[in-house]
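Here's a quick briefing to read alongside the model. Keep the viewer open and follow along.

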Amino acid sequence: MRLQGKVAIITGAGNGMGEADALLFAKEGAKVVVNDINQDVIDAVVKKIKDAKGEAMGFKADVTNRTEVDAMVAETISRYGKVDILVSNAGWDQLKPFLHTDRAFWDKIFGLNLIAHLNVVQAVLPNMLKNKYGKIVTIGSDAGRTGNPMEAPYSAAKGGVISFTKTIAREFGRANITANCVCPGITEGTRLSKEMLEAVPDQALKMLETVRKVTPMGRLAQPEDVAKAVLFFASDDSSFVTGQVLSTSGGLATP
Ligand SMILES: NC(=O)c1ccc[n+]([C@@H]2O[C@H](COP(=O)([O-])OP(=O)(O)OC[C@H]3O[C@@H](n4cnc5c(N)ncnc54)[C@H](O)[C@@H]3O)[C@@H](O)[C@H]2O)c1
């Protein structure tokens, strides 16, 4: 088991890729803190982990709220003694032409998709520094690497996540803390892909089909595909890998 004895906080772990990370990490022996803003989905994921004989606790916190984030980190240390791994995963977007977006929308997108990452990373770093051990994995997006129409503010925020992660890697490498960024492309079975299908069913189906066609591996990602890349950066398999960006989009975005 690759995470035996490790303590991992995963944000936005009630659905989609965060849930897949939580289930995989527990299977690999980690004690998992399942964070979300929605208590029902937290309870469901904690139950799945416990039913499979894994160890998990739920913690409802809005990652854009620093007080709530600090309370989550304090509770994790009180219950499990330390934080070894952070997967800063919570994120959200709504596809909109740039000219139809406004400052309120930009603030919402930046609050969750950029500032929240700074919140959780800054909150876990003191414990990681004390322990001289830390694995930080941020979830970016290929939109942050290549840009994507209808996702201008989100792409800008995710580009910020990538450079933030590289900076944390450079600033904290000597303390044996690694920071890497996983960049998914469109991933099936997530709330974002479901919301897209519900909002504009015809266009979304067409778009998904086009992406499938131009993806070298000929299919869309599943949350479990992404979780395996996150596990690599969260485990000691990546002991000398830091400041790196890895796309999990079947070859759609190449460096
Ligand atoms: N779905 C995709 O196709 C896709 C593509 C590229 C990148 N991403 C990124 O991958 C990550 C995971 O996305 P997903 O599609 O699996 O998401 P999802 O919507 O399926 O799940 C995200 C979870 O985060 C929770 N959440 C939302 N706001 C929160 C907050 N303020 N505090 C705590 N939890 C919060 C939600 O309740 C939800 O359970 C995100 O960072 C997203 O931007 C997704």
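Helices (H or I, at least four residues) and strands (E, at least two) are DSSP runs, numbered from the N terminus. Asn176, for instance, sits in the loop between α6 (152–172) and β6 (177–184). This is a predicted model, where local features need pLDDT of at least 70, side-chain atom pairs count only at pLDDT 80 or more, and totals for chains, interfaces and linings use all residues. Residues are numbered from 1 along each chain as its sequence is written.

**Overall picture**

- The protein has nine helices and seven strands.
- A compact globule of 255 residues would have a radius of gyration near 18 Å, and the protein agrees with its 17 Å. That radius is taken over C-alpha atoms, and the globule rule is 2.2 Å times the number of residues to the power 0.38.
- Along the principal axes, the C-alpha atoms fill a box of roughly 50 × 40 × 35 Å.
- Some 45% of the 255 residues count as buried. Buried means that 20 or more other C-beta atoms lie within 10 Å of the residue's own, exposed means 12 or fewer, and partly exposed is in between, with C-beta atoms placed from the backbone.
- Take the contacts between residues at least 6 apart in sequence: 73% of them join residues at least 24 apart. Two residues are in contact if their C-beta atoms, placed from the backbone, lie within 7 Å.

**Domains**

- The protein splits into domain 1 (7–185 + 222–248) and domain 2 (188–220), with bounds that come from an automatic or database domain assignment.
- The contact takes seven residues from domain 1 and six residues from domain 2.
- Over C-alpha atoms, the centres of domain 1 and domain 2 are 23 Å apart.
- Lys194 belongs to helix α7 (residues 191–199). Lys194 counts as partly exposed because it has 14 C-beta neighbours inside 10 Å.
- Lys194 and Ala204 are 10 residues apart along the chain, and their C-alpha atoms are separated by 9.5 Å.

- The largest nonpolar core holds 68 residues, and Ala8, Phe25 and Val32 touch the most other members. α4 gives the most to this core, with 10 residues. A nonpolar core here is a set of buried Ala, Val, Leu, Ile, Met, Phe, Trp, Tyr and Cys residues joined through C-beta atoms within 7 Å.
- Leaving aside neighbours within four places in sequence, Ala8 is in contact with residues including Phe25, Val32, Ile85 and Ala234.
- Helix α1 (residues 16–27) has 12 residues and reaches 17 Å from first C-alpha to last, close to the 16 Å expected at 1.5 Å a residue. The expected span is 1.5 Å times one less than the number of residues.
- α1 is mostly covered, with 11 of its 12 residues buried. Among them are Glu19, Asp21 and Phe25.
- Just after α1, Gly29 takes a positive phi of about 100°.

**α4 and its surroundings**

- Helix α4 (residues 103–131) has 29 residues and reaches 41 Å from end to end by C-alpha, close to the 42 Å expected.
- α4 bends by about 45° at Gly111, the bend being the angle between axes fitted to the seven residues ending there and the seven starting there.
- Ala152, in helix α6, is 46 residues from Trp106 in sequence and 9.2 Å from it in space, C-alpha to C-alpha.
- Ala152 is partly exposed, with 18 other C-beta atoms within 10 Å. Beyond four places in sequence, Ala152 is in contact with Phe98 and Thr101.

**Loops worth a look**

- Most residues other than glycine have a negative phi.
- Lys132 is not a glycine, yet it has a positive phi of about 50°. Lys132 lies in the loop between α4 and β5 (134–139), and is exposed, with 10 other C-beta atoms within 10 Å.
- Asn176, also not a glycine, has a positive phi of about 65°. Asn176 is partly exposed, with 15 other C-beta atoms within 10 Å.
- Thr242 is in the loop between α9 (223–234) and β7 (245–248). Thr242 counts as buried because it has 21 C-beta neighbours inside 10 Å.
- Not counting residues up to four places away in sequence, Thr242 touches Ala169, Gly173, Thr178, Ala179 and Asn180.
- Thr242 and Phe25 are 217 residues apart in sequence and 20 Å apart in space, C-alpha to C-alpha.
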